[in-house]
Amino acid sequence: MPVSFWMRRLEPLPPPRPPLDGDRDADVCIVGAGYTGLWTAYELKRAQPDLDVVVLESRFAGFGASGRNGGWVLGDLAGSRERWARGPAGRAGVTALLHAVQAAVDEVGAAVDREGIACDFVKDGSLQVAQSELELERVRGIVEEERRWGRDTELLDGPDATKRVAVDGVLGAAFTAHCARVQPAKLVRGLADAVQRAGATIHESTRVTSIAPGAAHTAAGVVRARHVVRATEGYSARLDGHRRVLLPMNSAMIVTEPLDAGVWEQVGWAGAETLSDARHRFVYLQRTADGRVAIGGRGVPYRFGSGTAREGPVPARTIDELRTRLAELFPVLRDAPIDDAWHGILGVPRNWSPSVGLDPTTGIAWAGGYVGEGVAAANLAGRTLRDLLLGRDTELTRLPWVGPAARRWEPEPLRFAGVQAVYALYAAADRRERGTGRPSLTGRLGHAIAGH
């Protein structure tokens, strides 16, 4: 079965967990064994051990984005802070939300230590680097925006940025300490084991076709529960009636073979900081624990009709684009052998803002729409769902991302045309800005069409 490089490093995988075999009852049924579903199950069982929690997974725990991502446990959220601030919680609520997701980085680290999950967790922060004056201006704006919201993001000049990672021609960088590097498949598989040790049941190879008040339906049977949690992120489109709830966006990654000490000395990346650039079509990187560079970015961003099949080979053009960008960041890696390439999908809501919620009239709960920033956010979402499902009124349940989900995406072909247009505009903006050194209006137009 095609999986990511991260998951292949765990082979041979343990035997699959047994699928659902007939109808059964539970207190809580969670659909999806990725980070969101597993953190929710884990926190529920820690808070109330006698709760009967069942997790249903179409393939195996971590098959989707949780086992395919860039391995950034980043204390940040996608979404419009100004939009959240217009709600009842105001700016104070947004500040509380941002502090909560920052704290989630350490929450993940504490759980990793508590459960003995060997997942290469190292909290060395994250850099967003600028290689041109225009990118530096953009990075300065990002730092100023972060500080307006009470975030302790630093602006590094070129020499200080180079001391951390010697990106070619770096002029400066934004640095946040609130990020950890992790091997994502090790984290999700270790979390699944912890969920089982806590007494929850995980059924793999059990695809849920529809959810309804009090029930999750599969071909093998129905799980009836007071609460049903949708934790399917980019795969939500496969549920009946959910095709337009979250848009499944594609992201691809490649990873080099292990680099020798001499190459690493030239790369100048001694720590475990994660790394991104300041382009419209940005890339994201990590130095792996075994001495490789993994780099990812958007390839073919979207398939018509919200298709979710991302198990085939990565297009050669996407691999070439990522190789080229890697060489632009680190010229010494221009000819570095590429060991693997893979891709996966992430969930994007219409307003590009994640949400957590529970409908008390139906008992259906949800969390997701992280737009690629879900490794830490899923932990916060799981703890928030725990409190919602247990009927607790807490600081977490009062955060401004708790509430109604975004409106649905447009029907096809408008959905497909819109996504293609946005990414074409971003690509054009990057080309124009590299040529002229001035901000491109096409990038702003892309943001306006996207609605974020």
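Helices (H or I, at least four residues) and strands (E, at least two) are DSSP runs, numbered from the N terminus. The model is predicted, so that local features need pLDDT of at least 70 and side-chain atom pairs count only at pLDDT 80 or more, while totals for chains, interfaces and linings use all residues. Residues are numbered from 1 along each chain as its sequence is written, and side-chain values use heavy atoms, with hydrogens and water left out.

The chain contains 12 helices and 18 strands. Of its 452 residues, 57% count as buried, where buried means under 20% relative accessible area, exposed over 50%, and partly exposed in between (1.4 Å probe, protein chains only). Contact is defined as heavy atoms within 4.5 Å. Among the contacts in the chain with a separation of 6 or more, 77% are between residues 24 or more positions apart.

Strand E2 (residues 53-56) includes valine 54, which counts as buried because its relative accessibility is 0%. With residues up to four places away in sequence not counted, valine 54 touches Arg24, Ala26, Val28, Cys29, Ile30, Thr201 and His203.

Arginine 189 belongs to helix H7 (residues 184-197). This arginine is buried, since the relative accessible area of arginine 189 is 8%. Apart from neighbours within four places in sequence, arginine 189 is in contact with Met7, Leu10, Pro14, Arg17, Phe60, Ala61 and Glu204.

Threonine 232 is located in the loop between strand E11 (221-230) and strand E12 (247-256). At a relative accessibility of 13%, threonine 232 also counts as buried. Its contacts, leaving aside neighbours within four places in sequence, are with Val31 and Leu239.

Helix packing was examined next. Two packed helices are described by the angle between their axes and the distance between the axes. Axes are lines fitted to C-alpha atoms, for helices over the stretch in contact, and angles run from 0 to 180 degrees between N-to-C directions. Angles under 35 degrees count as roughly parallel, over 145 as roughly antiparallel, 65 to 115 as roughly perpendicular and the rest as oblique.

Helix H2 (residues 35-47) packs against helix H4 (residues 90-115) at an angle of about 65°, with the axes 14 Å apart. H2 is therefore roughly perpendicular to H4. Trp39, Tyr42 and Arg46 of H2 make the contact with Val108, Ala111, Arg114 and Glu115 of H4. By class, this contact has 4 nonpolar, no polar and 3 charged residues; Ala, Val, Leu, Ile, Met, Phe, Trp, Tyr, Cys and Pro count as nonpolar, Asp, Glu, Lys and Arg as charged, and the others, Gly among them, as polar.

The axes of H4 and helix H10 (residues 375-389) come within 8 Å and cross at roughly 100°, and the two helices are therefore roughly perpendicular to each other. In this pair, Leu97, Ala100, Val101, Ala104, Val105, Glu107 and Val108 of H4 meet Ala376, Ala377, Asn379, Leu380 and Arg383 of H10. The contact of H4 with H10 has 9 nonpolar, 1 polar and 2 charged residues.
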